Structure formats: C-alpha cells, structure tokens
Amino acid sequence: MTDNPRFSDIRPFRDNEVEEVIRNLCEVPYFLSILGRVIPNTPVDAIVSKLKSVHTVSEFQHVFIIPYLNGVIKNTTDGVTASGLENLDPKGGYIFMSNHRDIILDSAFMNVMLDNAGFNTTEIAIGSNLLIYDWIVDLVKLNKSFVVKRNLPVRQMMEASATLSAYIRDRILDGKQNIWIAQREGRSKDGNDKTQVAVLKMLNLSGTKDLKSNFEELNIVPVAITYEYDPCDALKGYQFQLKRDQSDYKKSKNEDLTHMSTGLSGRKGRVHFAFGKPINSGLDAIASLPKNDQVAAIAELIDRQIYANYHLCANSYIALDAIEGTDKRKAHYTPEQKDEFLAYADKKIAAIEGADHDYVLDQMLHAYANPLINQEKTLGA
C-alpha cells in the first residue's frame, strides 16, 4: 500500500498497524458489548483473545468479517448469489460501481462473493457521516474501508475530493486493488438508481490524460444489486413522509444506526450481484463529445448495464401492477405471492408509529417498481 502521507487520514490500515488497532478496540466497552451481541453464545473474553491473535487485514477479514457475514446470509437471506465474475480477471484491479441499497451489506456481501470466487476483496468507500465514533473508524479501516469526507466547506470539499480521487486511482494503477464505490452519494431510497455525474467528475480529478484515457485507467465495472426484500423499505418510505411533513427535517445519526441494524437483521429473501463488463469498450463512441457530455454519457453507460442486469423478483412486478392498477405482469407472480407481498408491506408500515399508511405504501411500491421500470425502458420491453 502506498505510503503517501497525503492519504494518511482516509486510507485503510496496513498489516503492520493491525495489532495496535485491535488492542485499542478491545479497550472500548461499547465495542465489547457489541461483540457480545453479534457473536452470541461465545464469551466476550474468548472473542477478544481470538481478535488479539489476528496480525493482518486479510486474517481479520477471514477470521471475523466473512464468517460473520456468512451467518447473516444464512439467517436473514434465502441465498446470496453472483453472476458475471467469469468475465473478469481475478488479478485485475477494478472499480466496482454499484447501485446502493443497504448501508453496510452492499459492499460486505459483494466481498463475500468476490472472496468465494478467488478475487481480492475490495477496498470500500464509506462516508464520514457514518463514522460517528472513533472505534467505528478503526473497525471499518481494519476491514479495508477508506473515508469519503462529507459535509465540509466548499474549499475543503474540493481538496478532499481531489485527494479521494488520487487515492482511488493510485490503488487501481499501482496496487492492483479492487475498489467498491456506490454510483451516488447515499442510498437510492426510491429505487430509481442513477449514477451521479458528480461521482464521475470526482474520479476524473486525478487523471492526467484526456477524459477517455482517464476512465480507461480506472477499469469501472457496473454491478447491479437486487434484494428480494429491502429490510429498510418502510423506513425509507417513512423518511419521505417526514420530509413531506417537516420543512426542516434532517436525518439524525440515530436513524442511520437504526437503518444499519435493520439492514443487518431484517428479512432480505434472495440477493443477487450481477457483475457487468468494464465500460472501456463503450468509451470510444463518446470520445468526440464535449467534455460535460462525455461524463453524462459515461453515467448512462453504467446505468444501462445496471438496469439490464437486475435479477428482479416477483415483488417488483407486483408493485408496478399495483401502481398501475393492472395485472398485465401476472405471468411473473402468483396470486399467493401478491397477497404475501402486500401483507408484508402492511405489516412493515403498521410497525412504524405515526406512519401515513397510504403514503408510505406508495413510496414502498415505487421503490420496488422503479428497477423494473428502468429495466423495461432499457431492454425495450
């Protein structure tokens, strides 16, 4: 890993830093209490002893993170699967850019899929707004996360974006390290996944060549993530209600913690990661466009692969038919599946105190339907 001091406050920990970081973590009472909850039926002292036997980042992931995630997969999903990795080089360095559903699990489950297929796990972009305690910073940096600084004054934000861009390019070009970054800042709460041009402009800041060459270096692979059930679906709908009803609504830190906990423990059904192909082959066709149009066209290249590659479940077809008041997609679901999904939505909404049932239901239906709407437009259905 690069020793460039420019990256010291955002980069993940190196192997030679792991033992000290773990010793410090094991002195934090709140961290120890969480260990006891996420690894039940095991004395905390035994967990700490095992933690302190870890000496490298890879060991930390394979001794703790991946086994824990396999437990999450077993207990809260009907299976997590992947497709498209056969088209990629396990030794290559890629930016895996995906749609964003779950704060923690999008990148976490992806790393399990990559590790199972013999790929290096990714370094994970994580927003500083989620790092509300110092021990969380240490924990995520042990798990190969790098920090995306948020909520800074304009000049500092420009400097932070330039540093972030340089770090990502450095890892791809020199380290042959895989990177995960969402296609947008924050989750897409309405299911209408669109790559933010601002993210692509940030990535280009560190380029020293023409725009086409700059993006060829980054080896961007779009990834379509599909959850049969989003554990935070009703909570996301309720956030839209709060924004509707409160002109000064601002999400609290506790809401993020609630969404993280709900995402980890909630029902997900089937989960699929569809890895696309590097966008490089499509860059020639846009090279003659004006620079701003090129960036927008790159965003469309990414979006088209994500939309086309969704592995959609019955819920998306049920939701779109419910919105339109039709049953024209009934070949994709049974009456029993429709009744189950609508009953599920009602139950989730009823659990939220103060929820406007009809409004939150409408938001939920659109969140499940929008991926299908985008796929149908992309594929010409």
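**Entry 1. Conventions.** I worked from a predicted model, in which local features need pLDDT of at least 70, side-chain atom pairs count only at pLDDT 80 or more, and totals for chains, interfaces and linings use all residues. Residues are numbered from 1 along each chain as its sequence is written, and side-chain values use heavy atoms, with hydrogens and water left out.

**Entry 2. The sheet.** I looked up the strand order first. I found an open sheet of seven strands in the order S1-S7-S6-S2-S5-S3-S4, with mixed pairing. Strands (E, at least two residues) and helices (H or I, at least four) are DSSP runs, numbered from the N terminus. Two strands pair if DSSP finds at least two bridges between them. The edge strands are S1 (77-83) and S4 (145-148), each of which pairs on one side only. On average, neighbouring strands of this sheet are turned by 25 degrees against each other, direction ignored.

I then examined the pairing of S3 (residues 123-127) with S4: the two run parallel and are joined by four bridges. Ala125 stands opposite Phe146 in S4.

Entry 3. Helix H5 (residues 105-116) lies across S1, S2, S3, S5, S6 and S7 (269-275), and runs at about 70 degrees to S7. For such angles, axes are lines fitted to C-alpha atoms, for helices over the stretch in contact, and the angles run from 0 to 180 degrees between N-to-C directions.

I next asked which residues have the most contacts inside the largest nonpolar core. They are Phe109, Leu203 and Phe273, in a core of 113 residues. A nonpolar core is a set of buried Ala, Val, Leu, Ile, Met, Phe, Trp, Tyr and Cys residues joined through side-chain atoms within 4.5 Å; buried means under 20% relative accessible area, exposed over 50%, and partly exposed in between (1.4 Å probe, protein chains only). H12 gives the largest share of this core, eight residues.

I listed the neighbours of Phe273, not counting residues up to four places away in sequence; among them are Val80, Leu105, Phe109, Met110, Met113, Val223 and Ile225. Contact here means heavy atoms within 4.5 Å.

**Entry 4. H8 and its cover.** In helix H8 (residues 197-204) I recorded Val199, Leu200, Met202, Leu203 and Asn204 as the buried residues. What covers them includes S2 (95-98), H7 (154-173), S5 (179-182), H9 (211-218), S6 (220-227) and H12 (291-309).

**Entry 5. Helix pairs.** H8 and H9 pack at an angle of about 90 degrees, their axes 10 Å apart. H8 and H9 are therefore roughly perpendicular, since angles of 65 to 115 degrees count as such, under 35 as roughly parallel, over 145 as roughly antiparallel and the rest as oblique. Leu200, Leu203 and Asn204 in H8 meet Leu211, Asn214, Phe215 and Leu218 in H9. I classed the residues of this contact as five nonpolar, two polar and no charged. In this scheme Ala, Val, Leu, Ile, Met, Phe, Trp, Tyr, Cys and Pro count as nonpolar, Asp, Glu, Lys and Arg as charged, and the others, Gly among them, as polar.

The axes of H7 and H9 come within 9 Å and cross at roughly 60 degrees, which makes H7 oblique to H9. Arg169, Ile172 and Leu173 of H7 form the contact with Asn214, Glu217 and Leu218 of H9. Its residues divide into three nonpolar, one polar and two charged.

H10 (residues 233-245) and H11 (residues 253-265) pack at about 160 degrees, with axes 11 Å apart; H10 is thus roughly antiparallel to H11. Leu235, Lys236, Gln239 and Leu242 in H10 meet Glu255, Thr258, His259 and Thr262 in H11. By class I noted two nonpolar, four polar and two charged residues.

**Entry 6. Single residues.** Is Lys144 buried or exposed? Lys144 is buried, with a relative accessible area of 12%. Lys144 sits in the loop between H6 (134-142) and S4, and its phi is near 65 degrees, a positive value in a residue other than glycine.

Asn151, in the loop between S4 and H7, also has a positive phi, near 60 degrees. Asn151 is exposed, with a relative accessible area of 69%.

Asn374 is found in helix H15 (residues 357-379) and counts as buried at 10% relative accessibility. Not counting residues up to four places away in sequence, Asn374 touches Asn192, Asp193 and Tyr307.
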